[in-house]
Amino acid sequence: AGLYMLYRLRQLGMTARVYESGDGVGGTWYWNRYPGARCDVESMQYSYSFSEELQQEWEWTERYPKQAEILTYINHVADRFDLRPDIQLETRVVSATYDEASQRWTVETDHGDKVCAQYVISAAGCLSAARVPEIPGLENFTGKQYHTGHWPHEPVDFTGQRVGVIGTGSSGIQIIPVLARQAKAVTVFQRTPNFSIPAWNRPLPREDQQVWKAQYAENRERARSTRSGILYDYSQRAAFAVDETERQQEYERRWARGGANFTHSFNDIYSDRQANDTAAEFVRGKIRDLVKNPTVAALLSPTDHAIGTKRICVDTDYYETFNRDNVSLVSIKENPISEITTRGVRTEDGVEHELDLLIFATGFDTVDGQYTRMDLRGRGGRTIQEHWAEAPTSYLGVATTGFPNMFMILGPNGPFANIPPAIEVQVDLVFDLVKAAEAASAPVVEVNRETEDGWTATCQMIASYTLFDRAESWIFGANIPGKR
Ligand code: NAP
């Protein structure tokens with residue numbers, strides 16, 4: 001988001017400075033370099049579309065891009081468009097304060113930089129404030145601890161290690177099979193099971209890419225008009241418009257193709273619980289087929305939420321991994337973690353699970369976490385924490401009242417969709433706003449309260465048509481105690 005925003009601001013002839021806390025560009029794909037990290041949107045759809053030359057010349061190697069390849073791609077973009085001179089790495093923004101008299105922002109960094117700016121734009125992402133839960137005794141563990149979202153740059157060797165993983169969302173589901181192949185023992189601490197669909201990842205032949213590239217512009221345009229920004233095979237049929245046999249055939253066909261396309265098997269899966277149950281039960285049946293121990297299969301089978309309403313996972317060998325002798329599953333729903341000890345994790349049944357290494361795949365303080373970590377102050381010195389005390393809101397994901405000339409890319413109530421096109425849409429909107437303000441010599445762009453409230457109501461109305469808001473998901477902040 002930051003790279004593309006910079007690219008666009010230069011088109012306006014503006015000077016811009018980009019601050020980045022990492023020692024390289026890439027954001028999500030810079031930090032989340034855990035083994036098995038891969039995007040679950042297909043390579044041909046997970047990239048920038050703003051440059052025809054870029055999208056024609058870049059070659060992907062696999063159906064789903066792995067983290068290292070996406071990071072290489074992002075670095076290529078930074079070089080190709082000569083963006084690096086305006087990016088200051090290893091610098092975290094600690095505060096931004098709006099001065100009403102001068103109509104300027106003062107931005108301060110952890111290096112003591114203090115700069116004055118007319119516009120402040122946050123491209124800090126929506127899944128970037130990695131979160132380790134507060135578990136008693138955390139500091140006592142003598143082994144190594146890692147969070148998937150803050151993975152070290154040097155390789156971690158799991159050979160001969162007893163590894164514990166807390167968390168079974170997209171990150172946990174990706175890392176667990178890789179660990180199991182290397183570690184001596186893997187203990188998975190699962191609070192809530194998630195639905196996962198096989199990726200069936202494979203090399204991406206050049207000829208297949210050529211077919212896609214021949215109509216890239218048209219494909220992008222079509223993708224942009226879909227609800228997820230991804231060209232899936234969206235069914236136009238309701239689940240009960242076909243009989244049981246045909247329904248099962250459709251699910252089998254989608255399972256065999258792999259990926260999140262599965263949840264678009266019928267057009268009411270996200271809106272009708274009974275329709276959703278048919279898809280959920282199909283996946284639970286697959287889990288029973290794949291996992292040999294029926295008790296483990298039952299524990300791995302989600303029943304608490306409608307399929308797709310906590311972000312669907314896409315995996316390689318996830319369920320099969322639980323058939324291995326060196327992998328065990330501890331359901332911490334029934335038997336919660338009571339403390340972390342010097343040697344491992346103790347559960348309430350009194351068992352101490354001894355570990356050499358503990359991995360937190362526990363997700364992020366999403367939506368507003370990356371804003372509330374900064375000291376952001378708008379009109380009247382009001383902090384973002386005060387402003388969002390009830391709930392984080394915005395207008396279209398890009399602006400919030402009381403914070404003039406501050407824009408967000410993928411802010412609260414912004415698009416929940418394929419990230420690269422969502423970023424481009426948001427950046428283009430900010431570009432248009434700044435361009436219009438400059439053309440009109442308007443010193444300030446600000447959304448008014450009424451407009452922002454209207455957008456919040458629209459988002460709530462749309463969510464109420466779906467099953468999403470009934471799930472305890474990070475999408476609504478439910479993963480942080482007291483946040484929802
Ligand atoms: P996540 O979906 O929020 O999953 C966090 C996991 O940690 C959940 O299983 C959660 O259990 C568990 N957890 C959290 N706090 C806990 C606690 N105190 N005790 C025990 N368990 C706890 O995070 P994520 O897996 O990092 O994924 C976040 C999002 O990033 C995804 O939904 C996706 O949008 C994106 N992502 C995408 C990919 C990809 O493209 N393949 C890969 C990784 C991430 P509960 O469910 O009970 O809260």
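**Close-up 1. Arg38 and Glu62 pair up through their side chains in a salt bridge, 3.2 Å from N to O.** The model is predicted: local features need pLDDT of at least 70 and side-chain atom pairs count only at pLDDT 80 or more, while totals for chains, interfaces and linings use all residues. Residues are numbered from 1 along each chain as its sequence is written, and side-chain values use heavy atoms, with hydrogens and water left out. A salt bridge here is a side-chain nitrogen of Lys or Arg within 4 Å of a carboxyl oxygen of Asp or Glu. Arg38 sits in the loop between α2 (28-31) and α3, and Glu62 in the loop between α3 and α4 (67-80), so this pair, 24 residues apart, links distant parts of the chain. Helices (H or I, at least four residues) and strands (E, at least two) are DSSP runs, numbered from the N terminus. Arg38 has 22% relative accessibility and counts as partly exposed, whereas Glu62, at 15%, counts as buried. The cut-offs are under 20% relative accessible area for buried, over 50% for exposed, and partly exposed in between (1.4 Å probe, protein chains only). Glu62 also has a salt bridge with Lys66, with the closest N and O atoms 3.5 Å apart; Lys66 is partly exposed at 38%.

**Close-up 2. Glu246 and Arg237 meet in a salt bridge at 2.6 Å, N to O.** Salt bridges with shared partners tie Asp233, Arg237, Glu246, Glu250, Arg253, Arg254 and Arg257 into one network. Both members of the title pair are partly exposed: Glu246 at 33% relative accessibility and Arg237 at 30%. The whole structure holds 32 salt bridges.

**Close-up 3. Helix α7 (residues 216-224) has Tyr216, Asn219, Arg220 and Ala223 buried.** These residues lie on the same side of α7, because they cover an arc of only 100° around the axis (the arc is that of the directions from the helix axis to the C-beta atoms). Residues three or four places apart on an α-helix point the same way, because there are 3.6 residues a turn. Among what covers the buried residues of α7 are α3 (52-57) and α6 (206-214).

**Close-up 4. Four strands make an open sheet, ordered β5-β4-β3-β17, with mixed pairing.** Two strands pair if DSSP finds at least two bridges between them. At the edges stand β5 (114-117) and β17 (375-377); each has a single partner strand, so one side of each lacks a neighbour in the sheet. Strand β3 (residues 93-99) runs parallel to β17, joined to it by three bridges. Look for Ala96, which stands opposite Leu376 in β17.

Key: Contact = heavy atoms within 4.5 Å.
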